[in-house]
Amino acid sequence: MNPYLTTGNKIESKMPSVYNSIIVSAPIEAVWERISDFHDFSWAPSIIKRCENVGSKGGTSVGAKRLLNGSFLDTLIAYSSLDHRITYSIDDAPFPISPAEISNYVGDLHLLPITSEGKTFVEWSGRWESNGTEAIKFMNDIYVILLKDLAAQFDSQFF
């Protein structure tokens, strides 16, 4: 799939993306401890019913694979406990993010401390190549639910 659309002399990138963020009422260390294992999605019960380890790599090793809800195959492509960042690809999934609709999906989950309040700013983004737009709303809705589930893990726990 060609990620570029040529119009006259202008070349436009066809790289849709989504971005969502939330403030979690917990220190960054507590939030990182909860999400840092690529194979553990127990903190997102509203949308992730099953997370299976695929292969022998551990949940903090680059190259680790997971199968979410029996349909979404992800690979951990970068991991930094120092930067509190997990970057992954979606390798296979149903419509509208199947390999027939999109390619080169890269998701990024990143935590930043809000030091004045002892809270954590969590941002989740995704970008991919596609000639269609169906995946934008789909992925945006998923990220919103995941972030709400994460924040709910810490509601009133630290007050």
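## The largest cavity

About 80 Å³ of space lies in the largest cavity, a volume being the space filled by probe spheres set on grid points that are joined across faces, edges and corners. A cavity is a set of points on a 1 Å grid over the protein atoms alone where a 1.4 Å probe fits but cannot get out, and lining residues have an atom within 4 Å of a point. This is a predicted model, in which local features need pLDDT of at least 70 and side-chain atom pairs count only at pLDDT 80 or more, while totals for chains, interfaces and linings use all residues. Residues are numbered from 1 along each chain as its sequence is written, and side-chain values use heavy atoms, with hydrogens and water left out.

The structure holds one cavity of 30 Å³ or more. Among the residues lining the largest cavity are Ile 35, Asp 37, Phe 38, Arg 66, Ile 86 and Trp 124.

Ile 86 is found in strand β7, residues 85-92, where strands are DSSP runs (E, at least two residues) numbered from the N terminus. Ile 86 is buried, with a relative accessible area of 5% (buried means under 20%, with a 1.4 Å probe and protein chains only). Although Ile 86 and Asp 37 are 49 residues apart in sequence, their C-alpha atoms are 9.3 Å apart in space.

## The largest pocket

The largest pocket has a volume of about 200 Å³, a pocket being an open set with protein on both sides within 12 Å along at least five of seven lines. Of its 16 lining residues, Ile 48, Leu 68, Phe 72, Ile 142 and Leu 146 lie nearest its centre.

Technical notes:
Helices (H or I, at least four residues) and strands (E, at least two) are DSSP runs, numbered from the N terminus. Buried means under 20% relative accessible area, exposed over 50%, partly exposed in between (1.4 Å probe, protein chains only).
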